[in-house]
Amino acid sequence: MAEVKLQGIYKRFKDTVAVSNFNLEIKDGEFIVLVGPSGCGKSTTLRMVAGLEQPSEGKIYIGDKDVTYAEPKNRDIAMVFQDYALYPHMNVFKNMAFGLQLRKMPKDEIKKRVETAAERLGISHLLHRTPRQLSGGQRQRVALGRSIVRDPQVFLMDEPLSNLDAKLRVQMRAEIVKLQKGLNTTTIYVTHDQVEAMTMGDRIVVMKDGFMQQVGTPSEIYHEPANMFVAGFVGSPSMNFIEGEFVQKDGKCFFTAQGIEVELPGKLSDKSLSSKSVVLGIRPEDIRVDVEKTDNLTSPVECKVELIEDLGAEEIVFLKTKGGQEFKARISSDLSKAQAGNNVNAYFKLNKIHIFDAEEGSKVPLSA
Amino acid sequence: MSNSKLDLQKADKKPKENITKVDIWRQFPLLIYAIIIITPLSLVFFATFKNLKQLYSDPLGVPESWSLANYKALFANENMLIYFKNSVIVTCISVFSILLLASMIAYAIVRLPKWIGNIVFGFVVVGMMVPTQVNMIPQYLLLDRLNLLDKHLGLICVTVATFLPIAVFILTGFMKTLPKGLIEAASIDGASHWQIYSRVMLPLSGPSLATTAIFCFVIVWNDLLYPLLFIKSDSLKTMPLALLEFQGQYLTNYPMIFSGVVVASIPMIIIYVFLQRYFIAGMTAGSMKG
C-alpha cells in the first residue's frame, strides 16, 4: 500500500493533448475513481501510472519513489484490464500464479496465495479451467484474482465491468468495493459510468478533454458540482439546465427565463458574471409538483405535464412552461398526482439551485 | 392429405434442392482443382510399381502388378539412407533456426516503436524481393571464403538466410493480431521481454508457427538449387540431389526417380498431418472480452 502522486502530468500524442496539467494526490488505501466521457484522458492517465505510457511532462510517485520512467514491472502495481487480458494458453491457476512465478516465489507460497485469492473470489472450483471455458463474470474474477495474489502497492482498474451485463455489473461492483476495503490497497479505478463512480469511489475525479474538472467525494461532486459539465455528467436523469437571465429588482435577485421567474436564495455579484446570461441548474428530484408552498421552495412555475415515465418506485415527469421551457422532475410514485396533459405548479428547492455562467459554464457562487 | 399440406411439403423441399445444386456448382471448381492435383500424383505413384518398359508402353495405366522392386532397388543403394538422413538434418536444423530467429524478429517488430518496426519490416520485405539467382555467385564466394563450402553448416546458413524474410513476414502478420493487452498484462505481471516472448507470444503463435514450419519444410526439403551449388561430397548429398543420379545422359530411370520422390514426400505428409491440428483458429479465444 502506498500513496500515489501525480504532479503536472501532460500527455501529448503528436498534436493532440490527451492529458493536461493533471495533479492529484491519492492517499494510502484510498479508492479513487477517474470518470468522464470517452476520450477524456482517464485511461491514458491510468496507463501512465501503470507505466504503459510515458508522460510528456510531469512526475509520478508511488510512495516516495519517482516512477515516471520506471518499467511497469518495477512499479509494484497490478492492473485489471477492460478486456480481462487472461493468458488463453494457461489455466486459471497458472494465470493467477504467472506474476508470482516470475518473481521466483516458492511453489508452496504460490499455491497458498492462489488458493486463498480463489477462495475469496469464489473461483476455487475453476482453477483448472482455461479462460475460454469461463463466463464473462468468471473471467473478470480471475483477472481480479491475478491482481490480488501479487499483493501490490496499487491496484489499477481500467473499466473492468464494462463488458458485463447490467445485473452482474451491480454484483461485481459491490464485490470489488468489499475486496478493496478488505485489502485496504490504494486503488485507481477508471470508468465512464457515473453510477459506478458514485457508488465505488472514496473520491471521484471528473475529467473532460484531458482536463480535470473536479475532485471530490461522491457527495461533493453530486451536490456541489464545480461547473455545468460535472453537474450534467453526474446524476441520472441529469440535472435540468434552464438558460435565462439574472435580474436585480428592489434589492432582490431573480432568475428569469421562458415562463419562469424565481427569486434566488442569495445574491449574485455582477463581477462574478461574464454577462447577464446565466444557466439555472436544478436536479429533477429537487423539483416539487403540486405541493403546498413552503419557505424552502421558490415561487410556483406554471407548467403543463407533457409526459410521465413510470419507473415503478418513482415517476419522471416531463414539464413544459408556457414560455416553452422544458424540464423534468423526479417524484416518488406514492406522492405523484401528476397526469399527462394537466396544468401543474412546479417548485424548485431553494437551497438546491445552482447558477452557472452561461458562457464559461463555471459555477457562480451565491452570497448570503 | 389435403392440398394445403402438400403445398407446405413442396415448399419445404424446394429450398433443399436449390441448396444442393448451389453446393455442387460451388464445389465444381474445387473438384477440377482436386483432379488437376491428384492425377499427376497418382501417375507418379503408379509409375513406382512399373519397370521402365511398362512405363513407356503404358504411362497412364494402372500397374499390372504391385511390385515393390523399385523401392527395394532404391534402398539397396546404401547411400540412400544417408541422403535421407542428410535431408532430415539440413531441413530440421534450417526450419528450427528459421522459426526461432523469425519469431524473435517478428516480436521485436511488434514491440519496437512503430516507425522503427516499420523500417525493420521494410528491410525484411525487400529481402523477399531479391531473386535467388542474383545471390548465387556472391553466396558461393562468401561460403568459399568462410570455408563453409561442401558442408552442411554452409548449406543451412544460406537456407536460413534465404527463407528468413518470408517467415518473418508471416509471423509478424500474425503477432500483430494478438491482443496487445496480453503483452501489457505480462509486462505488469513482471515479465521481461524474453519472458513475454517465450511464455506468452510464442505459445500463442502456435498456428502461425505451424504454417510457417510446413511452408519452410516443404521448400527446404525439396530444394535442389542450394545443395547442387554448395554440396559436392557424395556423403553430404540431400535427397533431391541424390535423385538426380537416376537421370542419365541417354536414359532416365523414371520409375526409380518417382520412387525416390514418393519416399521423399513421406516426411512432408507426416509433418503436415502432425501440425495440421495447430491450424485450428481461435487459439486466443477466451483471453479477451466476448
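**Entry 1: B:C92**

I looked up B:C92 and found this cysteine partly exposed, with a relative accessible area of 41%, where buried means under 20% relative accessible area, exposed over 50%, and partly exposed in between, with a 1.4 Å probe and protein chains only. I note that this is a predicted model, in which local features need pLDDT of at least 70 and side-chain atom pairs count only at pLDDT 80 or more, while totals for chains, interfaces and linings use all residues. Residues are numbered from 1 along each chain as its sequence is written, chains are lettered from A and ligands numbered from 1 in the order in which they are written, and side-chain values use heavy atoms, with hydrogens and water left out.

I placed B:C92 in helix 4 of chain B, residues 79-111; helices (H or I, at least four residues) and strands (E, at least two) are DSSP runs, numbered from the N terminus. I also looked up B:D223, which is 131 residues from B:C92 along the chain, and the C-alpha atoms of the two are separated by 13 Å.

**Entry 2: chain B as a whole**

I found 13 helices and zero strands in chain B. Of its 290 residues, 37% count as buried. Taking a contact as heavy atoms within 4.5 Å, I read that residues 24 or more positions apart account for 74% of the chain B contacts with a separation of 6 or more.

**Entry 3: the largest cavity**

The structure holds two cavities of 30 Å³ or more, and about 70 Å³ of space lies in the largest.

Which residues line the largest cavity? I listed B:S87, B:V90, B:T91, B:L155, B:T159, B:V220, B:W221, B:D223, B:P227, B:T238 and B:P240. Helix 4 of chain B gives the largest share of this lining, three residues, and helix 7 (152-177) and helix 10 (206-222) each supply at least two.

**Entry 4: the second largest cavity**

I noted about 40 Å³ of space in the second largest cavity, whose lining draws on two chains, with A:A78, A:M79, A:R146, A:S147 and A:R150 alongside B:A185 and B:D189.

Definitions and conventions. 1 Å grid on protein atoms, 1.4 Å probe; cavity = no way out; pocket = protein on both sides within 12 Å on 5 of 7 lines; lining within 4 Å. Points joined across faces, edges and corners; volume = space filled by probe spheres on them.
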